[in-house]
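Follow along with me as I look things up.

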Amino acid sequence: MLFVGGVVAGSVHDYALMKQLFDPALSWFDGADVWLDLGFFGATADDGNKARIHLPHKKPRASKNNPHAALTVQQIRENKKQARTRISVEHSIGGMKTFHCLMHRIRNRLDIFIDSFFGLAAGLWNLKMSL
């Protein structure tokens with residue numbers, strides 16, 4: 001299942017939005033496979049014991065003890081596998097942004113219209129992809 005949250009103006013961290021929508025104290029993702037990107041890096045601390053959270057491996061920082069920090073071959077392979085799954089979602093988001101109503105400030109006071117713009121753009125993108 002793919003979840004698309006509401007529209008949020010401004011710069012808000014992905015994981016902060018997720019915690020607002022899905023309270024970590026409740027059992028939203030019990031036994032589920034949850035595929036996230038690195039914007040949700042803290043999710044394993046909150047939901048890791050209840051859900052199977054899949055995050056890409058983050059490259060370690062270089063230090064004095066480890067000046068040539070790199071991912072292992074296995075970690076690179078797992079990141080590529082996850083990226084192949086996520087790329088269709090990322091392309092769909094980018095394709096929806098070709099409709100300029102999503103890229104510019106919407107000067108409307110009714111939230112229902114803002115959500116309708118995204119629903120309309122998603123429907124048009126799905127129609128374009130089905131043709």
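**Entry 1: the overall plan.** How many helices and strands are there in the chain? I found four helices and two strands, where helices (H or I, at least four residues) and strands (E, at least two) are DSSP runs numbered from the N terminus. Along the sequence they follow the pattern α-β-α-β-α-α.

**Entry 2: what I am looking at.** This is a predicted model, in which local features need pLDDT of at least 70 and side-chain atom pairs count only at pLDDT 80 or more, while totals for chains, interfaces and linings use all residues. Residues are numbered from 1 along each chain as its sequence is written, and side-chain values use heavy atoms, with hydrogens and water left out.

**Entry 3: confidence.** I looked up pLDDT, the predictor's confidence in each residue, from 0 to 100. The chain has a mean of 80, and 87% of its residues reach 70 or more. Among the elements, helix 3 has the highest mean (87) and helix 2 (residues 43-47) the lowest (72).

**Entry 4: burial.** I counted a residue as buried under 20% relative accessible area, exposed over 50%, and partly exposed in between (1.4 Å probe, protein chains only). Of the 131 residues, 17% are buried. In helix 3 the buried residues are Asn79, Gln82, Gly95 and Met96.

**Entry 5: salt bridges.** I took a salt bridge as a side-chain nitrogen of Lys or Arg within 4 Å of a carboxyl oxygen of Asp or Glu. That rule gives three. One joins Arg52 and Asp33 at 2.8 Å, N to O. Arg52 lies in strand 2 (residues 52-54) and Asp33 in strand 1 (residues 33-35), so this pair ties together parts 19 residues apart in sequence.

**Entry 6: around Arg86.** Asp37 lies in the loop between strand 1 and helix 2, and Arg86 in helix 3, so the two connect parts 49 residues apart in sequence. Glu90 and Arg86 meet at 2.8 Å, N to O; both lie in helix 3, four residues apart, about one turn of the helix. Arg86 is partly exposed at 24% relative accessible area, and Glu90 is partly exposed at 34%.
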